[in-house]
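Here is a brief report on one structure.

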Amino acid sequence: MRFDVLTIFPAMFESYLGQSLLKKAIDAGKISVHLHDLREWSGDKHNKVDDRPFGGGPGMVIRVQPVVEAVEAIQSQGDAPPHVILLTPQGRKLSQPVVEELATKPRLLLLCGRYEGFDQRVIDILAPDEISIGDYVLNGGEVAAMAIIDACIRLVPGVLGDEESSHTDSFSSGNRLLEGAQYTRPREYRGHEVPEVLLGGNHQQIALWRAAESLQKTTERRSDLLTPEEIAKRTPQRKRS
Ligand code: SAM
């Protein structure tokens, strides 16, 4: 999977790309991340990409010309045309099903806003997929772009050491509920013991315990996830006589 990121702060990604799962996935050729500095398309001798809003008001707005020309130039690179995402608090909200949808695309181009956001004509001309990572306002789209990259790469085959874990994660396609409690050694710490069932090696009992834990946690914390479909999946079907 290929990611292209258009930003005025490409250096923000350097440490992020050089660590952990992401670095391993890049080194293994499973994903690639291409950073593009929007200022290269400013067409301005001071490399300015923003200007004051028409009609007045606070802050600055990112100009339409650098963004549209940068996107056209980036689109002409690489094998597959990118799915263009514009990060904005006004977009459709990121969730695991949205991540699953995005992870099926061979290539994403992520447009990171700053200041008061983009000139409306960026949206009118490019018709991007507008995505928000939640109902709060960040200073820029870079953190949101990293969240999308991070969530998507977990679903790219071969990126996770243990393929199973992305299917059992909270909200994931294998388990739309919250994941239950997890334990590792030691068996007891300050009087807190690991549940006996996890120590017995009976995989069927462990699976039943985990399913019950997941259901209980979801009921307590996120009952909105218990949709009629999820309840039906967990309700034993009566045999017809
Ligand atoms: N004035 C804009 C508004 O009220 O909708 C907010 C602009 S914000 C300060 C600057 C940039 O940060 C946005 O253009 C967007 O790229 C990014 N951003 C802020 N909050 C975001 C969120 N919740 N999800 C995705 N991107 C966000």
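## Burial in helix α3

A residue counts as buried if 20 or more other C-beta atoms lie within 10 Å of its own. The model is predicted. In α3, the buried residues are P66, V67, A70, V71 and I74. They span an arc of only 125° around the axis, so they sit on the same side of α3. An α-helix has 3.6 residues a turn, so residues three or four places apart point the same way.

Helix α3 covers residues 64–75, twelve residues in total. From first C-alpha to last, α3 reaches 16 Å, close to the 16 Å expected at 1.5 Å a residue.

## The sheet

Five strands form an open sheet with parallel pairing. Their order is β2-β1-β6-β5-β7. The edges belong to β2 (32–37) and β7 (129–132). Each has a single partner strand, so one side of each is left without a neighbour in the sheet. From one strand to the next, the twist averages 30°.

Strand β1 (residues 2–7) joins strand β6 (residues 107–111) in the parallel sense, over five bridges. F3 stands opposite L108 in β6.

Definitions and conventions:
Residues numbered from 1 in each chain as written. Predicted model: local features only at pLDDT ≥ 70, side-chain atom pairs only at ≥ 80, totals over all residues. Pairing = 2+ DSSP bridges. Helix = DSSP H or I, 4+ residues; strand = E, 2+ residues; numbered from the N terminus. Axes fitted to C-alpha atoms, helices over the stretch in contact; angles between N-to-C directions. Expected span 1.5 Å × (residues − 1). Buried ≥ 20, exposed ≤ 12 C-beta atoms within 10 Å, placed from the backbone. Arc of directions from axis to C-beta.
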